Amino acid sequence: MNTRILLLGSGGQLGNELKKKIGTLGIIKSCDRNTCDLDNFKELETIINDFKPEIIVNAAAYTKVDEAEENTSLAFRINQKAIEFLSEISLKRKIWFIHYSTDYVFDGKKKNSYKESDKTNPLNIYGQSKLGGEEALKRSKCNFIIFRTTWVYGEHGLNFIKTIKKLACNNDCLNIINDQLGVPTSTKLICKVTMSLIKDIIKKNYWDIGIYNLVPNGLSNWYELAKLIAYIGKDEMNLDQFKHLKINPIPSSHYKTAAKRPLNSQLDNNKLQKKLKFQIPNWKDEFIATAFKILE
């Protein structure tokens, strides 16, 4: 296959997983922060002009949710202005643009799962900047797919499993929020869905442009996830740091952060499921397997 695929953000948690897999689908050029800074539009344009991609997969973003409250300008440059710039190039050169967004574009006040068409209302700067990127893509009228996802984790980079592992080494008791509802999404699932989309683009079996919620099935909260991690560490792996660890549930009102988080991060994945040739799994399938690997 000679399809030329440009992967941006290859050094991140999701980018690392994508880099391992999508190279089998064509000629891939992987760029991390050191080789291509999304804040450097001239550099971006030069790379695109030289490589001439048919598909751009953008796994790069400003993701420091709390720090974004102070670094507002940088968050919007990376998450909105860079996407606006890339979408204009994609339209001009007829490039398919695959992008990732977040549940943080919603305020979390809905009673049930959010559909792609539901009204957005981000509570924090990070969510506002990611919504800005979504809207820039819509305005551009380029061929784009946005995957909205939640609570991303994988074997690379920072994530909740690694945080609990680190905290367990220095604490006998942890207080974990129990009223933020959502589901952890593995980088493996995101990568599998992305590869399915790329294969369809190569076959000219084009998806309808727009937004698709990319999350596994099921529901959880941070407290339940922490308890599961502790159970694996203590009862399944017999790790010393988990033997005396106690985990208490607390409401998010008792844990102050710079950025507000939505209480309900449930996304409806029915639209995506109709496009896939495989069944979207329950979140526990890959979460438990990844926890074992990270806790080793």
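Guide: Happy to! A salt bridge here is a side-chain nitrogen of Lys or Arg within 4 Å of a carboxyl oxygen of Asp or Glu. This is a predicted model, in which local features need pLDDT of at least 70 and side-chain atom pairs pLDDT 80 or more, while totals for chains, interfaces and linings use all residues. Residues are numbered from 1 along each chain, and side-chain values use heavy atoms, with hydrogens and water left out.

D240 is exposed at 57% relative accessible area, whereas K243, at 35%, is partly exposed; buried means under 20%, exposed over 50% and partly exposed in between, with a 1.4 Å probe and protein chains only.

The whole structure holds 15 salt bridges. In another of them, D39 meets R77, their closest N and O atoms lying 2.9 Å apart. D39 sits in the loop between β2 (27-31) and α2 (41-51) and R77 in helix α3, so the bridge ties together parts 38 residues apart in sequence. Both partners are partly exposed, D39 at 29% and R77 at 32%. There is also a network of salt bridges that links E17, K20, K21, E155, K188 and K293.

The side chains of K115 and D268 pair at 3.2 Å, N to O. This pair spans 153 residues, from K115 in the loop between β4 and α4 to D268 in the loop between β12 (246-250) and α8 (270-273). K115 is partly exposed at 41%, but D268 is buried at 15%.

Helices are DSSP runs of H or I with at least four residues, and strands are E runs of at least two, numbered from the N terminus. α4 covers residues 125-140, and its 16 residues reach 23 Å from first C-alpha to last, close to the 22 Å expected; that expectation is 1.5 Å times one less than the number of residues.

Twelve of the 16 residues of α4 are buried, so the rest of the structure largely encloses this helix. Among them are I125, Y126, L131, A136 and L137, together with charged K130 and E134. The buried residues pack against α3 (72-93), β4 (96-102), β5 (144-149) and β10 (210-213), where contact means heavy atoms within 4.5 Å.

Now for the ends of α4. N124 caps the N-terminal end, with a side-chain oxygen 3.4 Å from the backbone nitrogen of Y126. After the helix comes K141, which has a positive phi near 65 degrees.

Key. Polar contact = N/O pair within 3.5 Å; in protein donor to acceptor, adjacent residues only side chain to side chain.
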